[in-house]
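Open the model in your viewer and keep the sequence panel beside it. This tour goes from one selection to the next.

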Amino acid sequence: EGVMGETRVDLPRLLQDLRDAYPGSLAETLLTELVANALASGARHIHVLADPAARALTVVDDGKGMSRRSLSRFHDLAVTGKARGRTIGFAGVGVKLGLLVCDEVVTETRTPNRKSPLATSWRLAARTRAPWRWIEPPGLLDDVGTAVRLYLENPLSPLLETGFLES
């Protein structure tokens, strides 16, 4: 199953500090960030799909996708590919906040020059460990773009409610 990446720091505290930099609820922040990332990638269409039975929220865009290097760096909590103050997202950390409320974060991405997509699975395994690994793409994308699927710990998360997502 491929190479594993590693991040070491008190992750819940770091993520909680990042979370406190936002005005809204964590659910609101996560959704805003996922959409902001999609818009920053040049997406024209963004699909937000809740699957309460699977406790999954999936955001799929038709933006430019991420290279292997970008997807790898995406898992480094200290790194952002965004120019400061240039985009809507807050320093590219939005999806990382998902680690606070998810059992797993799956990302699938494809750039225009790749025949097939790349995918990773990421989770908070311990206070100082957020391992991620390359996985077989689960088929969330039809074409170029990025899909992020959050497997939520809480079956009652507002991120699984259509009304919340629409508002």
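Which residue forms a salt bridge with D103? Select R55: the closest N and O atoms of R55 and D103 are 2.8 Å apart. A salt bridge here is a side-chain nitrogen of Lys or Arg within 4 Å of a carboxyl oxygen of Asp or Glu.

Before moving on, note that this is a predicted model, in which local features need pLDDT of at least 70 and side-chain atom pairs count only at pLDDT 80 or more, while totals for chains, interfaces and linings use all residues. Residues are numbered from 1 along each chain as its sequence is written, and side-chain values use heavy atoms, with hydrogens and water left out.

**Stop 1: the R55 pair**

Stay on R55 and D103. Helices (H or I, at least four residues) and strands (E, at least two) are DSSP runs, numbered from the N terminus. R55 is partly exposed at 29% relative accessible area, and D103 is partly exposed at 39%. Buried means under 20% relative accessible area, exposed over 50%, and partly exposed in between (1.4 Å probe, protein chains only).

**Stop 2: the D10 network**

The whole structure has four salt bridges. Now select D10, R13 and R127, which are linked in a network of them. R127 meets D10 at 2.9 Å, N to O. This pair also links distant parts of the chain: R127 is in the loop between β5 (118–122) and β6 (132–134), D10 in the loop between β1 (4–5) and α1 (11–20), 117 residues apart. D10 and R13 meet at 3.9 Å, N to O. R13 is exposed, at 54%. D10 is partly exposed at 23%, and R127 is partly exposed at 48%.

**Stop 3: the nonpolar cores**

Select L34, L57, V95, L97, V105, L150 and L159. These have the most contacts inside the largest nonpolar core, which has 31 residues. Such a core is a set of buried Ala, Val, Leu, Ile, Met, Phe, Trp, Tyr and Cys residues joined through side-chain atoms within 4.5 Å. Helix α2 (26–40) is among the elements that give two or more residues to it. The largest share, five residues, comes from α2.

Centre on V105. Leaving aside neighbours within four places in sequence, its contacts (heavy atoms within 4.5 Å) include V95, L99, W122, V148 and L150.

**Stop 4: aromatic rings**

How many aromatic pairs does the structure hold? There are two. Rings of Phe, Tyr and Trp (its six-membered ring) pair if their centres lie within 6.5 Å; planes under 30 degrees apart count as stacked, over 60 as edge-to-face and the rest as tilted.

Select F74 and W122. Their ring centres are 6.2 Å apart and their planes are at 50°, so the pair is tilted. F74 is in the loop between α3 (68–73) and β4, and W122 in strand β5, 48 residues apart. F74 is buried at 14%, and W122 is buried at 1%.

Next, select W132 and W134. This pair is edge-to-face, 5.2 Å centre to centre with 80° between the planes. W132 is buried at 8%, and W134 is buried at 18%.

R68 lies over the face of W134, at 4.5 Å from the ring centre. A charge sits over a ring if NZ of Lys or CZ of Arg is within 6 Å of the ring centre and within 35 degrees of the ring normal.
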